[in-house]
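Biologist: I would like to learn how to read salt bridges in a model of this kind. Could you take me through the general idea and then the case at hand?

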Number of protein chains: 2
Amino acid sequence: MKTLTSKLKAIDFRPTGLVEKLSEAMTEAILEGIFKEGDQLTELDLQKQFSISRSPIRESFRVLEKRGLVEVIPRKGTFVKRISPRDIEEHFPVRSVLEGLAAKQAYANMSPAPLEAMERALARMKTAAENEDTKNYWKQHILFHEIFIDACGNQLLINLLKTLRMQIMWYRLSYQYYKEDFKSSYRTHEKIMGLFKSKNTDPDRLEAIVRTHIEEAVGKFLGYLDEQEKLKASTK
Amino acid sequence: MKTLTSKLKAIDFRPTGLVEKLSEAMTEAILEGIFKEGDQLTELDLQKQFSISRSPIRESFRVLEKRGLVEVIPRKGTFVKRISPRDIEEHFPVRSVLEGLAAKQAYANMSPAPLEAMERALARMKTAAENEDTKNYWKQHILFHEIFIDACGNQLLINLLKTLRMQIMWYRLSYQYYKEDFKSSYRTHEKIMGLFKSKNTDPDRLEAIVRTHIEEAVGKFLGYLDEQEKLKASTK
DNA sequence: CGCCACGTGATTGTCGACAATATTTAATCG
DNA sequence: CGATTAAATATTGTCGACAATCACGTGGCG
C-alpha cells in the first residue's frame, strides 16, 4: 500500500467533516490505483498518514463500502475490493438495463441543454476517433453517457448508475488505453444521438439500442482482462 | 421514538460484533415501524437503551445508510428515511427492469428446485386469494418473486434487488392490509409460472411480462399512499 | 517430517472523555 | 410585541486508551 503524501498535503484536516474529506481522498486513491485491489487498509497506517484518530477512519470505511470500493470484513479488516471476471459478467447486464431505462426516461423529459451537451461530446468523440486518441475518446464516451443519465431525472437511477459506473471505472485505470473499435462505437453513438434528437422516436427502441450497446461491451472488457492477465503472467 | 426494550432483552450484547447485532436490531425496528419515518436516531438514546458506547452505534448508522433505511446528515444527525410519492415513482421503474432481468437470467439457468418452490408459493397464493387473506397473499407474493430472483445467480442483481425490495417493504408495514386485486394479480403470476415451466419460452417475453407487472404496481401503491394520507388528515 | 498447541505481535473492537457544532431557550433592544 | 442576540442545552465529532481477536511463527510431539 503506497502512501498518500501528495493528497494529504492538499487537504485541510481541521477536525470537522473528517469522514467526508477522508472518504473523498480514499475514493480517489482507489480510483487512481494508489490503493491496489486486495490491499488491506489498516487503521493504524491511515492514522499515521493523516494524523487523525481511528473513529473517522472506521466510518470512512463504511462509506467506501457503500460505494462498493472496499469490503469490510468484521474482525478481519477492510480490503480494496477485487474485481473478478465474474463480477464483470454480473455488472454489464445490470448496468445495461439501467442505462437503457435512463435513456428512455431521459428522452421522455429531454430539454435542449443536455441535448446540445451530448452533441458536443459526440463531436469530440469523432475528433478523438479520427486521431486515434484512445484516452480522450474514452473520456468523451463516458461523458456522453453521463449526460443523458443525469437528464433522466430519476435520482435513484442516477445514484445507482453513478455507483456502478464508478466501480468499473476504477478498474479501467489501465483500461483507458485499451483499443476500442472506434468506428463501430462511434456509429452506435451517432445513431443514439439521432434517436434522442428526433421528435418521433420510439422510446422502447432507444432503450433497446442503449441496452444492447452496453451488453456487447462485456465481451470486449473480458477479452481485455484476459490479455492483461497473460501479460502479467509472461513478464513474471 | 419508541424504545426497544423487547428487542434489547433478546439480544446478547457482549462486546463483539456489536455493529452487526445492532444493525440487525435497528433494521427490524425500522421495518416493523418501531422507529418511524423522520425520527432522529440520537446516539445518546441508543446508548442508554443498549448500554453500549457510541462508536458501534455510529458505525451501525452507516450500515443502515447503505441499506437505504436512514439518512446520515453530517453534523445534524441520523434520520429514518422518509418515503415520498416521488421516491415511489422512481423506485418502481428501476425495480421493474431489474426484476425483469432477474427473471430472464433465472429462466436461463433454471433448475427443478426453485421451480417447485415457486409452484408451491403460487399454490398458497391461490388459496390465500380464495380466502381473501390479504396478509398471507402478500407474503406468498413476495416469496414467489424472491425465489426466482435468488435463482438468477447474479449476485450483484440479487443484492440490489434485496436492498430495493427491503426499502419498499418497510413502508409496506401498514401496506400488508391494502386490498390487492387478487384475481388479476394471481392470473399474472400464473402466466409467469407457465413461462418459467415451459421449455421453449422466449426469455425476452418473460422479462417483459415481469417488468410490466411491476411497473403497473406503482399506480396501486401511489393510490394506497394517497388514501393513507387522507385518512391521517381526517383523523386529526 | 508434518501437525497441533501456544505465545507474541499486529489489528480490529469498544469505551469514556472532551471538543465542536447545532438547537433551543432566554434576554435584550427597538 | 417582534426581532435579534446571547446564553444554555442537546447532539454530533474526534480523540486516546484499553480489550478482544486474529495472524503468524515457534516449539513440542507423534
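Modeller: A salt bridge is counted where a side-chain nitrogen of Lys or Arg lies within 4 Å of a carboxyl oxygen of Asp or Glu. This is a predicted model, in which local features need pLDDT of at least 70 and side-chain atom pairs count only at pLDDT 80 or more, while totals for chains, interfaces and linings use all residues. Side-chain values use heavy atoms, with hydrogens and water left out, and residues are numbered from 1 along each chain.

Biologist: How many salt bridges does the rule give over all chains?

Modeller: The count comes to 32. One of them pairs the side chains of A:Arg58 and B:Glu59, at 2.7 Å from N to O. A:Arg58 lies in helix H4 (residues 54-66) of chain A and B:Glu59 in helix H4 (residues 54-66) of chain B, so this pair joins two chains; helices here are DSSP runs (H or I, at least four residues), numbered from the N terminus.

Biologist: Is B:Glu59 buried or exposed?

Modeller: Buried means under 20% relative accessible area, exposed over 50%, and partly exposed in between (1.4 Å probe, protein chains only). B:Glu59 is buried at 7%, whereas A:Arg58 is partly exposed at 30%.

Biologist: Which residue does the side chain of A:Glu59 meet in a salt bridge?

Modeller: Its partner is B:Arg62, at 3.1 Å from N to O. A:Glu59 belongs to helix H4 of chain A and B:Arg62 to helix H4 of chain B, so this pair also joins two chains, and both residues are buried.

How values were computed. Chains lettered and ligands numbered in written order.
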